[in-house]
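Okay, everyone, thanks for coming.

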Amino acid sequence: MNNFLNNSILYVNLEQLRRNVRTILKELEGKALIPVLKGNAYGLGLERVGLELAAFPEIRTLAVAQVSEGERLRRAGVSGEILVIGGIPEGLLEAGAELDLTLTVWRLGVLPRLAELGRRLGRPVKAQVKVETGLHRVGLMPGEELSALLEEWRSAAPWVEITGAFSHFAD
């Protein structure tokens, strides 16, 4: 496509991006930074921004909203952890596991399916637990649901590696 026919063009200053990341990492004082690159890295270019961020040894995980975004990062050469933070349709769990993405457990019944995929792949599937804290989109409610998840995990444990938990605060 000829960019001269567009009304606007976005230029991304990658050196400024790197400076910003170094500044943020310094402020974090050793705590983890997980950049969220959903929506084509918020319009900045998923593959290029993802590769720039993955080049920082301090950034061990990139987050995306969809399996397709994780697939694009893998195809671009990102080999580190890629966390899919959205609820994943049942039909995309297998593709996400095959791509070695870290998949979100956002409701009961997902862990047994991931364990089944892990058995089939011959290796554990990585996952993180999404805890519902008030936004009411996806996530397991503290209390009974999280307790039930622990029961599911007992049988899934050899085939699912839980790498963490996260939430999306409403306030």
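Let's start with L10: setting aside neighbours within four places in sequence, L10 is in contact with G43 and L44, where contact means heavy atoms within 4.5 Å. L10 sits in the segment before α1. Is L10 buried or exposed? L10 is exposed, because its relative accessible area is 55%. For the cut-offs, buried means under 20% relative accessible area, exposed means over 50%, and partly exposed is in between, with a 1.4 Å probe and protein chains only.

Quick housekeeping. This is a predicted model, so local features need pLDDT of at least 70 and side-chain atom pairs count only at pLDDT 80 or more, while totals for chains, interfaces and linings use all residues. Residues are numbered from 1 along each chain as its sequence is written, and side-chain values use heavy atoms, with hydrogens and water left out.

The protein has seven helices and five strands. Helices (H or I, at least four residues) and strands (E, at least two) are DSSP runs, numbered from the N terminus. If you read along the sequence, you get α-α-α-β-α-β-α-β-α-β-α-β. The C-alpha atoms fill a box of roughly 55 × 35 × 30 Å along the principal axes. There are 171 residues, and 37% of them count as buried. Of the contacts with a separation of 6 or more, 58% come from residues 24 or more positions apart.

Now the inside. A nonpolar core here is a set of buried Ala, Val, Leu, Ile, Met, Phe, Trp, Tyr and Cys residues joined through side-chain atoms within 4.5 Å. The largest one has 39 residues, and those with the most contacts inside it are V21, L37, L73, L103, V105 and L114. Which helix gives the most to this core? That's α6, residues 110-121, with five residues.

Let's zoom in on L73 from that list. Not counting residues up to four places away in sequence, L73 touches L37, L46, E47, G50, L62, V64, V78 and I82. L73 is also one of the buried residues in helix α4, residues 67-76, along with V67, E69, G70 and R74. They sit on the same side of α4, because they cover an arc of only 160° around the axis; the arc is that of the directions from the helix axis to the C-beta atoms. And what do the buried residues of α4 pack against? The partners are α2 (38-42), α3 (46-54), β1 (61-64), β2 (81-84) and α5 (90-98). After α4 comes G77, with a positive phi near 110°.

Over to α3, where the buried residues are L46, V49, G50, E52 and L53. Down the axis of α3, these fall within an arc of 160°, so they line one face of the helix. They pack against α1, α2, β1 and α4.

Take the α1 partner. The axes of helix α1, residues 14-28, and α3 come within 11 Å and cross at roughly 40°. That makes α1 oblique to α3. Axes are lines fitted to C-alpha atoms, for helices over the stretch in contact, and angles run from 0 to 180 degrees between N-to-C directions. Angles under 35 degrees count as roughly parallel, over 145 as roughly antiparallel, 65 to 115 as roughly perpendicular, and the rest as oblique. At this crossing, L14, L17, R18 and V21 in α1 meet R48, V49, E52 and L53 in α3.

Here's another pair: α6 and helix α7, residues 144-156, pack at about 10° with their axes 9 Å apart. They are therefore roughly parallel to each other. V110, L111, P112 and A115 in α6 meet L149, E152, W153 and A156 in α7.

E29 isn't a glycine, but has a positive phi of about 50°. You'll find E29 in the loop between α1 and α2, and it is exposed, with a relative accessible area of 67%. A41 isn't a glycine either, and has a positive phi of about 55°. A41 is in helix α2, and counts as buried at 4% relative accessibility.
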